[in-house]
Amino acid sequence: MAEYRPQALDKKWQERWTSARAFEVAEDSSRPKYYCLEMFAYPSGHAHVGHVRNYIIGDVMARTKRMRGYNVLHPFGWDAFGLPAENAAIKSGIHPETSTLANIAHMKGQLQRLGISYAWEREFATCEPTYYKWNQWLFIKMYERGLAYRRRSSVNWCEKDQTVLANEQVVDGGCWRCGTPVTIRDLEQWFFKITEYADDLLKGIEGLGQWPEKVLTMQKNWIGRSEGARVRFGEIEVFTTRIDTIFGATCVFLAPEHPLVDRYAAESDDPAAFRRKVATFRAQDRTARLTGEIEKEGFFTGRSVVNPFTSEAVPVWVANFVLGEYGTGAVMAVPAHDQRDFEFATKYGLPIKTVIEPGPETATAPAPEAYVDYGRLVHSGEFTGLSSETALVRMGEWAERNNIGARSVQFRLKDWGISRQRYWGTPIPMIYCDACGIVPVPYEQLPVELPAVKTFTGRGDSPLAQVPDFVNVSCPKCGGKARRETDTMDTFVDSSWYFYRFCDPANDTLPFDPAKAKYWMPVDFYSGGVEHAILHLIYSRFFTRVFRDLGLVDHDEPFTHLLTQGMVLKDGAVMSKSKGNVVDPDDMLQKYGADPLRLYVMFVAPPEKEVEWSDAGLEGSWRFLARVWRFVDQWCGAAMGAPSPASFGADGLSRTDRQLRRRTHETIRRVTVDVEQRIHLNTAVSALMELVNDLYAYGDGLGQGDVSPASRAVLREAIEALVVMVSPFAPHTTEELWEMLGHTEGLTKTPWPAFDEHVAKPEEIVIPVQVNGKLRSRLTVAPDTPESELRDAALADPAIRAYTDGKTVKSVIVVKGKLINVVVV
RNA sequence: GCCGGGGUGGCGGAACUGGCAGACGCACAGGACUUAAAAUCCUGGGUCCCGCGAGGGGCGUGUGGGUUCGAUUCCCGCCCCCGGCACCA
């Protein structure tokens, strides 16, 4: 008997799949397509089992869908640009390209050793010029449409290193390397105008029925749409969502960044003191806000403006909690009906004027807090007596009619700043000419390649600014002296459209052929970590809309079904090198082989749940596969060459034969639904384990003697269905078993077993009988026993009569095929 | 504070549309095989109570109510855990 040694099988079958080009695909209009994608990887060096779980989930889906007759695209690639490689270069001196390529090679090996069925011929890394060329192409297209623009914006700056810091390089308000307190610098930077699509992105969420609710909520919050009105208090325009409270507006607050603040300072009695206070607030904004709550503070500007509804003058203050970037950077303060304004007014002794009352009762509330809910208006001129809901509309209209404001919608979403003062990214393809201004690099000159840089100091300007051959160019328009943009793009640009490139990875005239994208897109199944719920997944939806408006695609949404896979914990914590709790898949491969590892991570919990790693659990999965192995090994001789059990007719099979057949088909149904529709991969494995348990019981019943032809047929059907259905989870083991069963065509070309409803139908069923909702007995009956018969049988059951004797049977509820409940009083 | 998800045996989890709670696995216990062990195969198990026993009964899905013949599932209140957002006007 052949012992089960999965390690010995991995390489054999991986090589066969490669030489057979088993997972390569082309467009084929005769078959339904299925685009199965896992978020591509940042090549950090080593994948741990937490990463690998995601790839296995996708592989189970891809392998199943192939067997189910779909034309499956299952590609993989590398999110290869990024800060870690550049930081490592600063520390170790190894060029980012060198380390990145080495990491890719290692991680690719890991994935191949796991037997993930990728279409490797479509692989690419975003640091290849053939890829990032299209980032640049797209950038220019967006620039032409006004979707890419340049403006001043602030960045984190380290005085000591004389360099820009990314947000994640700021640790507790200081530079990650030297601890120097971070300051703010204004630089000219490039932005993508994602706000143009704010409403479109929000509306699109409605159609994402197969995304987790959690992700949709996070996206809605991120977009942050709020309806309100802009109202002018003299020269100051405020945004409010509560225009119904405007008669209670006793003050106007300006953000420290508000454009009018500088002028007010200049015109004040003591400009220096004014500016000092403003400067304090502006500095607070950056540092204090990140670490914790800041005390609400403000000061009077010495000015007043007129509330257009009351015609009364209200004072103008500068307040540190008002945000410059949101709305108009100015708000009306209604202390009676806004908690923040209330606290502020209490602190500084500003008037509090109640204009909304909770109910019909007129008691004025000298409450210790603001009344923030909707209610009925009081002291509000002609609007007194209206409900808040009505007033919101009427007062908005009134403002429009009197030309002092307008209803308005605000978003929290801001434009996407993509400039990075870094080396290891896509060069922004723009040229600055003294004569012509900003000039895009002509399309035929793309890609603008990253120049070779030998040493990385992490100090000074953008690394590209230190390469004169790169910086100094002639203007494409006038031929005069010009200089290149030296910033690179945020790496989220790379990942916002890579899934389109997989449809046509070698295209050198367009980012992708629209016809190919039309065939493959949208991605049917996309899985990855929930940490990408906002940025990556919104940017990708944004780019899809840009492609749509460029006429390259005709759909709005890139990902039909999204699965956010749970993390794998070790000792209760997320795996990480620094904690030293990483489980390396290669160790597991050596010890157990690829298949037990694959099966274990699928069985341990539903894909979206977090799991705790367990060596014992992995051994359990090994045991299950060994059990399958031994059973097939023992019975394949009997099963081989047997005909279909259907050929034995209705009476040709024994009771136990029929029972095993039924279990086989029931399992086919369960596994198919669990994998394909519910994506409950753990219960699919459970179902397969149950079938194996049944097979062992059946094998015991067959004894030592000859096996009847009918039993051989039933065995063959069960074993083959089992092997095929286990194969997405344990492809190497099952290929070997399939070969042992006499098949010459591999499993990758074998269809999924067909489910026969007629066979799966049980001959008899057990119906629980309750009395007053408590289980008292069971009846074994034919599945189509009529209701009246069930009712009579239940009432005649001695175990039931013990509860009904001497009582009145009020009613008998019969749920056909499910349950009987006798109600007595 | 707001939004979202969740709370089921010793553990991971199952229960699809309101119908037998605890499938499947882990760990554990007992048995078979073995000189012995490992491996393997078989069996057992929510909990409390009654019974020598076969067996019988009560309770049980965070908690308190409600709807229903019947609730892990639906509704209302509360407690706890996880995640996201948070001076957004």
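1. Just past helix 19, glycine 641 has a positive phi of about 80°. Keep in mind that this is a predicted model, with local features needing pLDDT of at least 70, side-chain atom pairs counting only at pLDDT 80 or more, and totals for chains, interfaces and linings using all residues. On bookkeeping, residues are numbered from 1 along each chain as its sequence is written, chains are lettered from A and ligands numbered from 1 in the order in which they are written, and side-chain values use heavy atoms, leaving out hydrogens and water.

2. Helix 19 itself runs over residues 615-639 and spans 35 Å from first to last C-alpha, close to the expected 36 Å (1.5 Å times one less than the number of residues). Helices here are DSSP runs of H or I, at least four residues, and strands are runs of E, at least two, numbered from the N terminus.

3. There's a bend of about 35° at aspartate 633, taken as the angle between axes fitted to the seven residues ending there and the seven starting there. At the start of the helix, a side-chain oxygen of serine 614 comes within 3.3 Å of the backbone nitrogen of alanine 616.

4. Helix 19 is also among the elements that each supply at least two residues of the surface near RNA strand B (near: a heavy atom within 4 Å). Helix 21 gives the largest share, 7 residues.

Definitions and conventions
Polar contact = N/O pair within 3.5 Å; in protein donor to acceptor, adjacent residues only side chain to side chain.
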